[in-house]
Amino acid sequence: MPSSLVDSLIVVPLENKVLLPSVVLKINMRGRDAVALTRKHLRSSEQRKPTYIACIPLTGKGIEEEANSEEVEGTASPNTTTAVALKDEGFIKPEDKDRLFTFGCTARIIRVQRSGLGAFTMFVEGISRFKVDRYFSQDATLHVKVKYFDEEMEEGESTDEMILFKALVREFLSKMKDLRMPENLIQQLTKLIDSVSPPVLADLLVSVIETSFDEKLTMLSTTNLKERVEKASEWMTRQLHVLKISEQVHSSVEGKLTKKQREFYLRQQLEAIKKELGESDGSGGGIKDEDELEQLGTKIEEADLPEEASTVAQRELKRLKKLQPASSEYSVARNYLELLADLPWNKKTDDIINIAQAKQKLQDDHFGLDHVKKRIIEYLSVIKIKGDLKAPIICFVGPPGVGKTSLGKSIASSLGREFHRISLGGVRDEAEMRGHRRTYVGAMPGLVIQGLRKCKVNNPLFLLDEIDKLVQSSHYGDPSAALLEVLDPEQNNSFSDHYLNVPFDLSNVLFIATANSVDTIPEPLLDRMELISLNGYTFEEKLYIAKAHLLPKQLLAHGLVKGQVQMKDEVFLKIAENYTRESGVRSLERTVASVVRSKCVELADLREANREEDYNPQISLTDVEDILGMAFYEKEVAERELVPGVVTGLAYSGSGNGGILFVEATKMPGDGNLQLTGSLGNVIQESAKLALSWVKSHAFDLQLTNSSTEKMIEHDDIHIHFPAGSINKDGPSAGVTLVSAIVSLYSGYHVPTTTAMTGEISLRGQVLPVGGIKEKVVSAHRAGIRKIILPFRNRKDVEQDVPEKVKNDIQFVFAKNIWDVLEEALVMNESEKWIAPSRVYESHL
Ligand SMILES: Nc1ncnc2c1ncn2[C@@H]1O[C@H](COP(=O)(O)OP(=O)(O)OP(=O)(O)O)[C@@H](O)[C@H]1O
């Protein structure tokens with residue numbers, strides 16, 4: 001308590017307000033006491049002395065406030081003003097004397113200003129709380145004798161609590177910022193946190209915290225400093241809590257609002273997009289268009305649905321009429337009904353099975369492929385005679401670009417049927433085949449039903465492309481199981497699509513499948529299909545295909561007529577040999593297209609310059625390089641080194657492409673280890689171990705036993721590498737190649753670059769048959785190989801499958817065991833062949 005404070009003071013009663021220490025208050029006053037007080041203040045301030053008054057709240061119901069609350073101009077601690085009703089002469093009427101509270105606050109007058117006739121506004125600052133000792137009258141004005149309290153906190157008193165209190169004040173003030181409390185006020189209060197004692201801070205905060213009049217009175221009468229801090233903490237916590245709850249309520253309301261708004265915006269956008277596409281129903285997504293429903297009803301009637309589907313359609317239509325157009329259910333139901341109306345339940349094209357015409361069509365569209373065409377004609381004949389399609393489903397198997405898809409198209413057009421291709425590559429979800437149930441968001445019918453909707457007839461030809469790339473039994477269900485149902489003539493007359501949910505008869509659809517390899521076709525599907533193999537083409541075949549089919553096709557596609565681009569055979573061959581490396585003719589077709597394009601540019605330029613007569617349609621060999629750039633590929637055999645230890649093998653990839661592969665073996669002093677590189681799988685690695693074991697165990701028979709060689713075989717490290725290290729290689733068919741490479745390495749004999757081989761070996765040296773012979777042979781021929789060593793048991797594959805032209809160009813050797821292979825493969829020079837002097841035939845198959 002400031003010692004200068006007097007303890008006898010004029011009483012200034014406060015109606016509905018409480019003044020606490022450090023707080024500034026504005027008081028409106030009028031009347032005799034007001035004039036006296038103002039005079040006293042003026043006198044004191046002349047003498048530079050402060051004027052003190054006793055601000056005591058009035059409790060209980062009192063007279064109405066006269067003046068309005070106003071903001072107090074910036075000081076350390078603001079408060080709203082109060083007014084004292086001064087209708088009569090004095091500050092306090094006799095009847096209000098009993099309403100004076102037992103505690104009050106001494107205040108220093110800061111300033112008094114006239115606010116009207118006999119009216120003043122007084123700014124006071126709370127200095128110290130007191131307890132009323134007794135009232136007395138002096139100069140007809142009520143005075144009070146007061147008792148002050150000790151306001152100093154004891155050293156170290158509840159330090160933790162005070163720290164917590166300050167932290168709480170900080171949090172509180174930061175929250176108040178969001179509630180738009182004036183920035184400067186928050187700043188002033190924040191500054192005071194560390195500069196004033198917590199009880200003083202507590203008094204100050206009561207004017208900012210939402211507290212009731214009674215609570216303020218309690219604060220005024222609390223003389224215990226710790227209690228005062230506790231009370232302020234309690235009220236601040238309460239307000240923070242209320243704030244939190246109101247934030248939650250606010251955010252949940254806002255969440256609801258934004259969801260609704262989002263929906264609204266999306267719908268608006270949808271409408272705009274529809275408008276752009278010319279599909280708008282003008283309903284803004286909200287108003288039901290009766291016409292639309294009527295049209296839908298008529299469409300369904302016209303679709304001539306079978307009974308079951310018709311019942312479902314009528315039920316859905318009824319439901320649709322009751323639904324809100326803005327609801328998602330409405331659009332689901334409408335889309336479903338549209339599908340029902342669009343499906344070709346009874347529409348079909350008339351079959352024209354004219355065998356002679358079909359033969360002609362196949363002949364016109366495709367070069368070669370005689371066995372395939374023959375089988376297709378048989379197939380069509382059976383359909384013609386028998387009248388149904390329960391013949392086995394045909395599956396064309398072969399490398400990419402050999403004409404599988406285009407054969408399918410030819411069949412469709414020779415039957416006069418719609419053609420639709422369903423790409424099965426990478427289909428892993430059963431729902432892709434069979435559709436999603438309508439309850440799913442974004443549900444759609446499966447690929448089969450989608451295809452039928454597109455074809456608009458129920459007897460199209462569906463080409464199930466890349467059936468071998470179907471992903472089996474994933475956790476999305478098994479799409480191959482759905483396909484089985486589609487292909488099974490016993491079941492497919494009532495195919496059930498999850499989306500459609502009513503059976504659809506697929507028995508009129510003609511299915512043809514394609515695959516690159518049979519290895520990955522699921523067994524049950526394989527069972528239902530008849531496989532027809534298409535091999536890769538030789539260069540000569542490619543030449544004819546390019547000449548007779550690809551060039552005319554490209555001329556047409558570029559708006560040119562026959563003769564406007566002319567190519568000699570050698571040009572076609574150069575393109576096929578040096579710019580493509582493939583079994584089929586797809587990149588050949590692309591390359592021919594780029595040649596045609598460049599001629600197109602030339603012709604257009606000359607036409608613009610009116611010099612069309614200068615145009616030369618002929619393409620020479622040098623033009624090819626000008627147009628296509630440098631040759632990409634040389635004959636692969638030219639890339640091989642003619643050194644002992646390097647041998648050419650034959651490979652076959654899962655995509656149906658064959659190719660040659662080199663095996664390189666080298667040796668170095670070491671501990672007899674075998675090192676293998678070139679992205680090799682387990683099987684091929686085992687083949688290499690097996691090959692080395694066989695060579696080591698037959699070192700004597702192989703004549704590798706002179707003292708130095710024997711030592712080497714025992715102690716050398718051998719490294720075998722398969723170039724093109726980034727391509728994964730596996731399988732047992734490199735067995736003979738590996739043995740040949742090791743024997744060649746140690747014997748010094750080499751294998752000619754034009755000789756290639758394939759075959760699995762057993763530990764006892766037998767040569768076992770392998771797969772993919774035709775692809776391997778055809779691609780080896782393309783690569784420039786002229787002698788091929790094959791397992792004896794693969795002889796029939798060569799006889800049946802390899803094209804005559806290739807057979808004529810290549811010398812085939814069929815080996816029963818590895819000795820045969822080595823004798824046919826290894827040479828020292830043109831006249832000296834390798835012969836095993838003590839050759840031991842371990843078995844003759
Ligand atoms: N024997 C052929 N005679 C005429 N044109 C052919 C022949 N083989 C392929 N073509 C043409 O080659 C192109 C590629 O053929 P297509 O698309 O049918 O290959 P695909 O075997 O279906 O390949 P994929 O397995 O990659 O689908 C087509 O333009 C096709 O007409």
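**A colleague's note on the predicted model**

1. Domain 3 (355-533) and domain 4 (539-628) both contribute residues to the shell around the ligand, so the ligand lies between them. Those domain bounds come from an automatic or database domain assignment. Bear in mind that this is a predicted model, where local features need pLDDT of at least 70, side-chain atom pairs count only at pLDDT 80 or more, and totals for chains, interfaces and linings use all residues. Numbering starts from 1 along each chain as its sequence is written.

2. Staying with the ligand, the shell has 20 residues, and the closest are Pro400, Gly403, Lys404, Thr405 and Ser406. Being near here means that a residue's C-beta atom, placed from the backbone, lies within 6 Å of the molecule. Two or more residues of the shell come from each of α12 (404-415), α17 (539-557) and α19 (586-608), and α12 gives the most, with three. By type, the shell has six nonpolar, ten polar and four charged residues.

3. Of the 845 residues, 36% count as buried. Buried means 20 or more other C-beta atoms within 10 Å of a residue's own, exposed means 12 or fewer, and partly exposed is in between, with C-beta atoms placed from the backbone. Of the contacts with a separation of 6 or more, 76% join residues 24 or more positions apart; a contact needs C-beta atoms, placed from the backbone, within 7 Å.

4. Which residues does UniProt list for "active site"? The unreviewed entry gives Ser733 and Lys776. They are spread over 44 residues of sequence yet cluster in space, with a largest C-alpha distance of 11.1 Å. UniProt positions are given in the numbering used here, feature names are shortened, and annotations may be inferred rather than shown by experiment.

5. Ser733 sits in the loop between β18 (716-721) and α23, and Lys776 belongs to helix α24 (residues 773-782). Ser733 counts as buried because it has 28 C-beta neighbours inside 10 Å; Lys776 does too, with 29. Leaving aside residues up to four places away in sequence, Ser733 touches Thr758, Gly759, Glu760 and Val770. On the same terms, Lys776 touches Leu650, Tyr652, Gly658 and Thr758.

6. Helix α23 (residues 735-747) has 13 residues and reaches 18 Å from its first C-alpha to its last, close to the 18 Å expected at 1.5 Å a residue. The expected span is 1.5 Å times one less than the number of residues. Twelve of the 13 residues of α23 are buried, including Gly735, Val739 and Tyr746. Just after α23, Gly748 takes a positive phi of about 85 degrees.

7. Most residues other than glycine have a negative phi. Asn16 lies in the loop between β1 (8-15) and β2 (24-30), and Glu466 in the loop between β10 (461-465) and α15 (479-487). Buried or partly exposed? Asn16 is partly exposed, with 15 other C-beta atoms within 10 Å, whereas Glu466 is buried, with 20.

Definitions and conventions: Helix = DSSP H or I, 4+ residues; strand = E, 2+ residues; numbered from the N terminus. Nonpolar A, V, L, I, M, F, W, Y, C, P; charged D, E, K, R; others polar. Contact = placed C-beta atoms within 7 Å.
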